[in-house]
Amino acid sequence: MNDSLLDAAPGFDQPIAVLKHCHGRIRKQLATLERLLAHLPEHGADEQARQAAAAVLKYFEKAAHLHHDDEEQDLIPMLRAVAQGEDAATLQGLAPTILQDHKEMDAIWQDLHEQLTAIAEGSAATLSSPGVQRFVQRYTAHMEREESTMAPMAMRLFSSEQMARLGAAMGRRRGIEVGNGAPAVAAPAIGDAVAGLRKDYGQASLNEDDVLDDPIAQFTHWFEQALKAEVNEPNAMNVATVDADGRPSSRIVLVKQFDARGFTWYTNYDSRKAQELRANPHAALLFFWSELERQVRIEGRVETTSAEESDKYFHSRPLKSRLSAIASRQSAPIANRADLERNYEAVAAQAGETPPRPANWGGFRLVPERIEFWQGRRSRFHDRIVYTRQEDGSWTRERLQP
């Protein structure tokens, strides 16, 4: 038997082989997409259909855009740097077509993405035949262009050092350090490397017709989805304040309640943020749920909660959290951790099991005047829907450009 038992992927020391290997995986996913299109009318969103839809979603959301970035950020610029004469003329005509292909394939994919997501969840069994056909045809023609022109050109023109540089860049994009015995490729300085960090979003879209009339209800809907998705600390929010001199500061706190009145958190009333809110009782909140590619920006005036509300929440906290709130003069300097621990032990010894809420500890509530919902989309062409409170208490909403 001469055939290998393993369908091994080429290493990044062979970047053009990796490119062709990616094409092979894309062709398999396109074939799955076509089979799914034929399967749905007879079988609906059964287990096989859901698995197929999930597989196609996973590949095109997680891997395909990396292949596009390989071409846009490395392969094409490197070819432009070395191509001359007829090669340069060919590349001048081909490169814009490749880039336009990427844009058009991304646009078609957005429609298919929503349909495939519904199929994978079992909530729908509809897949656009024209959309699938356009997607398959566009991708197939795109890959044929690259394989017949760009790949052979790179094989002819690139030196071994340039191939190593291309492979290293492709590997880094996938979180893989490439070490292949080729000439060392100097890693960019951290400050320079930051400019190349990017993640293309594409999980969902946000349209004017999708959102609810009430922004608090819309926030509740998104928050419930964040809980279902097991987002890491979905109630964590950035609170930005401004002091009396107009200098901003921000920190992460946990929202403890939200309703029609606003968004509530608790803290020490002698802390820096509390002092700044006394000087300027306006703030901005930011929730960022990276797993869902979403953020919510909230702006408004801030008020303190009632003593009754603060008491109720304080006494709901674990005992050690209550003792910590009493022991710490939040934001004030202290010599060392040992002194902090001694303060805690002294409070614990004196307060017992039911310490009262200290007068300088309680809640703040931001009463929203502006709430913006942001959904990440491909190529930084994000969706932004903003609600603005009117004088009569009603809300208007509109789309903002990304």
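Modeller: Two strands pair if DSSP finds at least two bridges between them. Helices (H or I, at least four residues) and strands (E, at least two) are DSSP runs, numbered from the N terminus. Here S8 and S9 form a hairpin with five residues between them, and Gly393 in the turn has a positive phi of about 90°. This is a predicted model, in which local features need pLDDT of at least 70, side-chain atom pairs count only at pLDDT 80 or more, and totals for chains, interfaces and linings use all residues. Residues are numbered from 1 along each chain as its sequence is written, and side-chain values use heavy atoms, with hydrogens and water left out.

Colleague: How many bridges join S8 to strand S9?

Modeller: Six bridges link S8 to S9 (residues 395–400), and the two run antiparallel. Thr388 stands opposite Thr396 in S9. S8 also pairs with strand S7 (residues 361–375), in the antiparallel sense and over six bridges; there Phe373 faces Ile385 of S8.

Colleague: Is strand S8 mostly covered or uncovered?

Modeller: Buried means under 20% relative accessible area, exposed over 50%, and partly exposed in between (1.4 Å probe, protein chains only). In S8 (residues 383–389), five of the seven residues are buried, so by this definition the strand is mostly covered.

Colleague: At what angle do the axes of helix H4 and helix H5 cross?

Modeller: Axes are lines fitted to C-alpha atoms, for helices over the stretch in contact, and angles run from 0 to 180 degrees between N-to-C directions. The axes of H4 (residues 85–121) and H5 (residues 129–157) come within 10 Å and cross at roughly 150°.
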